[in-house]
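Please work through the following exercises with the sequence and the model side by side, and try each task before reading its solution.

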Amino acid sequence: MRTAIDIYVIEKVREKRLEKGISQSQLAFELGMSDGFIGMVESPKYEQKYNVSHLNEIAKILECNPQDFLPPKPI
């Protein structure tokens with residue numbers, strides 16, 4: 001089950017990904033994940049979510065800080 005923090009992080013990654021003009025498939029490829037992984041994470045129909053290692057690698061790919069995906073205060 002996804003928590004409020006999971007949903008927040010997923011949305012922040014999605015926003016950053018779109019800002020950089022990177023497709024779901026491209027991000028999945030860069031992460032070494034299956035083509036549909038990012039789509040499943042971003043879809044509310046599935047329970048997949050990012051882990052800390054994913055966020056670190058995504059930050060490298062999107063050229064940002066992993067903290068950019070976290071809320072300023074606990075939720």
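Predicted model: local features only at pLDDT ≥ 70, side-chain atom pairs only at ≥ 80, totals over all residues.

Residues are numbered from 1 along each chain as its sequence is written, and side-chain values use heavy atoms, with hydrogens and water left out.

**Exercise 1. Check the length of helix α1 and find which of its residues are buried.**

Solution. Helices are DSSP runs of H or I with at least four residues, numbered from the N terminus. The expected span is 1.5 Å times one less than the number of residues, so the 16 residues of α1 (residues 4-19) should span 22 Å, and the 23 Å between the end C-alpha atoms agrees with this. Taking buried as under 20% relative accessible area, exposed as over 50% and partly exposed as in between (1.4 Å probe, protein chains only), one finds Asp6, Val9, Ile10, Val13 and Arg17 buried in α1. They cover an arc of only 100 degrees around the axis, judged by the directions from the helix axis to the C-beta atoms, which puts them on the same side of α1. The cover over these buried residues includes α2 (24-31), α3 (37-42) and α4 (52-62).

**Exercise 2. Classify the one aromatic pair that a search of the whole structure finds.**

Solution. Rings of Phe, Tyr and Trp (its six-membered ring) pair if their centres lie within 6.5 Å, and planes under 30 degrees apart count as stacked, over 60 as edge-to-face and the rest as tilted. The rings of Phe37 and Tyr50 have centres 6.3 Å apart and planes at 70 degrees, so the pair is edge-to-face. Because Phe37 lies in helix α3 and Tyr50 in the loop between α3 and α4, the pair ties together parts that are 13 residues apart in sequence. Phe37 is buried at a relative accessible area of 10%, and Tyr50 is buried at 8%.

**Exercise 3. Describe the surroundings of Lys49.**

Solution. Lys49 lies in the loop between α3 and α4, where Lys49 is partly exposed, with a relative accessible area of 35%. Counting contact as heavy atoms within 4.5 Å, and leaving out residues up to four places away in sequence, Lys49 touches Met1, Asp6, Ile10, Phe37, Val41 and His54. The side chains of Lys49 and Asp6 are also joined by a polar contact of 3.3 Å, a term for a pair of N or O atoms within 3.5 Å in which, within protein, one must be able to donate a hydrogen and the other to accept it, residues adjacent in sequence counting only if both atoms are side-chain atoms.

Definitions and conventions
Helix = DSSP H or I, 4+ residues; strand = E, 2+ residues; numbered from the N terminus.
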